[in-house]
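Hi,

Here is the structure I promised to pass on. Have a look at it first, and my notes on what turned up follow below.

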Amino acid sequence: MMSNFFKSLVIATLGICLTSWVNAQEIKARLGTSLPEVHPQTMGARKFSEIVDKKSNGRIKITVYSSAQLGSDQQMQSALRGGTQEFTVPSTATLANLVKEFGVIGLPFSFSSERQADAVLDGPFGQGLMARLPERDLVGLAFWENGFRNFTNSKRPIVKADDLTGLKVRTMQNNLYIDLFNGLGANAVPMPVNELFTALETHAVDAQENPFTVVHAQKFYDVQKYLSTTGHAYDALALIASKKFWDGLKPEDRQLLLAAAQEATLYQRQVSRELNSRTRSELVKLGMQINDVSDAERQAMRTKLAPVIAKHQAAVGEETAKAFFAAIAAAPK
Ligand code: EAX
């Protein structure tokens, strides 16, 4: 018969083994992006995965799948909600289909600089948006940058608002963007970004709008001649997790992931800004004709869009819109 001492020793040893087994339990997760490896969306995702790997001593493995290999922004959001994928980092414009308040970020001509966007999104206003995600089975980790969006097309330089008339433009799958371009006299055709190159190549659409980095990474310069710096909206990405996955994590692992997300954010924004200026000159070398749209013309576009802006302020909720503009006014320019 085992002595009592021996029994407790066995039990204690088993306990220690079990605890360290649980501690050492590997976590495997997938992070999907919609853009290619060379775009800051995927570069940020890779950095996040690397930091998590290092912080967890290789225990938490996040595999990154770029270029919509796991589906479009919208499809990946559904997969996160269902718990069949763990992370993604969509444009907040597509996230707005689940949580309408995110749509406020895309209200045209709202932000004047990236620095201002950082202050609004990292501050109480942005955190308030993130706090709405769990109701939709998602958890927000950080805002990343897509950047100011510019208009490209295969027909003519856009110098003034009227130049958009009649152009078929691909937009994101978001009602604000659809109304925005219809409001400027173009014909909006919503579709996921991974279908866009072919749509431009086959002239199913004449135009699209995205930051320089996306135009470069997706090789739109091969199928679009003119880029006009409309800068009509600032677009943020949101690094989000599946709530089903998140709820199953230990608090220490959630902390680790949140800290890694913060660290990756600094890198992602920096690389996005660097590439945004570098890709502009690259695009010229690659044959695009770039024209700067004057502030007066951008103001004219804004005036033309007044009814669209009013409609979408109401759609996201007047309270949210008011808080958004107050946060912008309080942020550095
Ligand atoms: O998620 O769909 C778009 O145009 C976005 O800029 C891009 O895919 C980032």
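**Confidence first**

The protein averages a pLDDT of 95, and 93% of the residues score at least 70; pLDDT is the predictor's confidence in each residue, from 0 to 100. This is a predicted model, in which local features need pLDDT of at least 70 and side-chain atom pairs count only at pLDDT 80 or more, while totals for chains, interfaces and linings use all residues. Residues are numbered from 1 along each chain as its sequence is written, and side-chain values use heavy atoms, leaving out hydrogens and water.

Confidence is lowest in helix α1 (residues 4-23), with a mean of 57, and highest in strand β3 (residues 87-88), at 99. Where pLDDT is low, the predicted coordinates should not be read in detail.

**Overall picture**

There are 14 helices and nine strands in the protein. These are DSSP runs numbered from the N terminus (helices: H or I, at least four residues; strands: E, at least two). Along the principal axes, the C-alpha atoms fill a box of roughly 95 × 40 × 30 Å. Of the 333 residues, 53% count as buried, meaning under 20% relative accessible area with a 1.4 Å probe, protein chains only.

**Helix α2**

Helix α2 (residues 40-55) has 16 residues and should span 22 Å at 1.5 Å a residue, which agrees with its end C-alpha atoms being 22 Å apart. The expected span is 1.5 Å times one less than the number of residues. Its buried residues include Phe-48, Ile-51 and Val-52. After α2 comes Asn-57, with a positive phi near 50°.

How do α12 and α13 pack? Helix α12 (residues 295-304) and helix α13 (residues 306-316) pack at an angle of about 55°, with axes 4 Å apart, and are therefore oblique to each other. (Axes are lines fitted to C-alpha atoms, for helices over the stretch in contact, and angles run from 0 to 180 degrees between N-to-C directions. Under 35 degrees is roughly parallel, over 145 roughly antiparallel, 65 to 115 roughly perpendicular, and the rest oblique.) Arg-302, Thr-303 and Lys-304 of α12 meet Ala-306, Pro-307 and Ile-309 of α13, where contact means heavy atoms within 4.5 Å.

The axes of α13 and helix α14 (residues 318-330) come within 5 Å and cross at roughly 110°, so these two are roughly perpendicular. Here Gln-313, Ala-314 and Val-316 in α13 meet Glu-318, Thr-320, Ala-321 and Phe-325 in α14.

Cheers

Terms used
Buried < 20%, exposed > 50% of the residue type's maximum accessible area, 1.4 Å probe, protein only.
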